[in-house]
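Hi everyone, thanks for coming. Take a moment to look at the sequence and the model before I start talking.

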Amino acid sequence: MNKPELLIPAGSLENLEVAVLYGADAVYIGGQHFGLRAKAKNFSTEQMKEGIDFAHKHNVKVYVTANIIAHNDDIDKVYEYFEEIKEIKPDALIIADPGILTIAQEMLPDMEIHLSTQANNTNYKSVNFWHKLGVKRVVVARELSFKEINQIKENSPDTLDIEAFVHGAMCISYSGRCLLSNYMAGRDANKGECTHPCRWQYHLVEETRPNEYMPIYENERGTYVYNSKDLCMLEYVPELIDAGVGSFKIEGRMKTQLYVATVTRTYRKAIDDYFEDESKYRNNIPYYLDEIKKCTHRKFTTGFYFKRPDENEQIYNSNTYIRSYTFIGKVIEYNSAEQMVTIQQRNKFCVGDEVEFMATDGENYVTTIKEMWDEEGNLVESAPHPKQVIRFKIDKEFPKNTIIRLKSKEF
């Protein structure tokens with residue numbers, strides 16, 4: 001039994017470095033064009049090269065998204081973009097559109113191709129069709145159950161890899177193919193510009209009574225009719241492996257470094273624990289679930305894996321995330337002689353706060369800040385300025401880019 005790949009989203013170079021540090025086997029990133037997260041920071045060509053070099057030095061693979069559904073005006077630009085891809089040498093391209101696949105095979109004949117979930121693959125005949133066209137891996141549709149994924153695996157050649165989403169936000173539309181954003185906001189979801197109208201609050205209005213808003217659901221404040229819970233499959237690592245999933249894909253290229261560190265570290269530990277000793281994995285499930293809730297999330301669901309979702313998989317009264325911890329900074333360097341850590345601040349924290357360092361081995365180191373200094377050596381009581389450099393004493397060394405978090409006051 002082969003250990004599955006842990007595939008982590010990276011919306012920026014910083015997120016990529018965090019994903020690598022916390023245990024990713026591979027990361028997927030987007031350039032400035034042709035990916036489905038146009039509102040993420042994304043990578044310039046120079047940043048993509050830097051990120052790929054960094055990942056490869058740590059034996060981590062990098063996949064680049066080019067998974068929009070292309071229009072005629074995109075074609076010439078795809079040719080230009082793939083000229084850049086030639087130079088930076090990622091490990092694979094993630095593609096959904098047959099036209100873009102054709103261009104990739106013409107310009108990058110040795111490049112490994114992964115078929116995006118946008119291509120709506122729900123059966124083994126379609127999977128084998130794409131495999132014959134040169135696709136090495138298929139990201140199966142999120143609408144599939146364990147049984148259906150297993151049937152695809154059993155009816156496909158061993159040379160085809162199966163990748164599936166195991167964690168993160170769920171798109172309410174069929175494999176992410178949605179017109180709501182385009183229709184309501186003029187932003188094309190299938191070209192990476194989704195405004196997420198599925199998360200908005202809706203009421204029903206009768207045509208002749210324009211100011212009388214009636215709730216669609218039994219809630220006086222209205223309802224978020226398309227607002228799905230987040231996927232979380234931490235408790236079902238054995239079932240995913242048994243179904244034939246060779247790559248565990250995490251959603252979240254628009255998420256924070258705290259999110260990336262938390263999901264990477266937690267799934268890394270769950271996978272490794274299972275392969276070390278299944279009873280260890282089973283006993284640690286409460287720990288995994290406790291840890292995963294320390295980054296922004298909605299309530300959790302298992303999606304379509306066990307059954308077709310019903311009304312219990314939706315959130316009807318809110319579209320906000322649960323934020324139990326705040327990302328307050330990351331380590332820049334550690335001076336062992338002075339037992340002094342230098343960090344770059346990301347959110348406000350103060351003297352007296354109990355902060356938590358996220359060790360890459362899964363341990364959390366909690367310490368209370370008694371004194372701290374700014375970059376000029378002045379004693380300060382708080383760190384309110386974005387990306388402020390702060391120093392304070394700590395008796396344990398952590399490597400560069402270690403994430404530091406603070407429990408939110410309301411939790």
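So, is Glu 84 buried, partly exposed or exposed? Glu 84 has 36% relative accessibility, so it counts as partly exposed. Buried here means under 20% relative accessible area, exposed means over 50%, and partly exposed is in between, with a 1.4 Å probe and protein chains only.

Quick housekeeping: this is a predicted model, where local features need pLDDT of at least 70 and side-chain atom pairs count only at pLDDT 80 or more, while totals for chains, interfaces and linings use all residues. Residues are numbered from 1 along each chain as its sequence is written, and side-chain values use heavy atoms, leaving out hydrogens and water.

Back to Glu 84, which sits in helix H3. Together with Glu 46, Asp 73, Asp 76 and Glu 80, Glu 84 makes a patch of negative charge on the surface. A patch takes residues with over 30% relative accessible area and no salt bridge, and like charges are joined within 9 Å. Helix H3, residues 75–88, gives the most to this patch, three residues. Helices are DSSP runs of H or I with at least four residues, and strands are runs of E with at least two.

Now look at strand E4, residues 92–95. Both of its faces are covered: Ala 92 and Ile 94 are buried on one side, Leu 93 and Ile 95 on the other. E4 runs parallel to strand E3, residues 61–66, and four bridges join them. Ala 66 stands opposite Ile 95 there.

Further along, there's an open sheet of eight antiparallel strands, in the order E17-E16-E22-E13-E14-E21-E18-E19. E17 and E19 are at the edges with a single partner strand each, so one side of each has no neighbour in the sheet. Strands count as paired if DSSP finds at least two bridges between them; E18 and E21 have two.

Last topic, salt bridges: a side-chain nitrogen of Lys or Arg within 4 Å of a carboxyl oxygen of Asp or Glu. The structure holds 22 of them. In one, Glu 163 meets Arg 137 at 2.7 Å, N to O. Glu 163 is in strand E7 and Arg 137 in strand E6, so the pair ties together parts 26 residues apart in sequence. Glu 163 is buried at 1%, and Arg 137 is buried too, at 6%.

Key. Patch = residues over 30% accessible without salt bridge, like charges linked within 9 Å, V, L, I, M, F, W, Y side chains within 5 Å. Areas by Shrake-Rupley, 256 points an atom, 1.4 Å probe, with all protein chains shown as cover. Lys, Arg positive; Asp, Glu negative; His and termini not counted. Charge placed at Lys NZ, Arg CZ, Asp CG, Glu CD.
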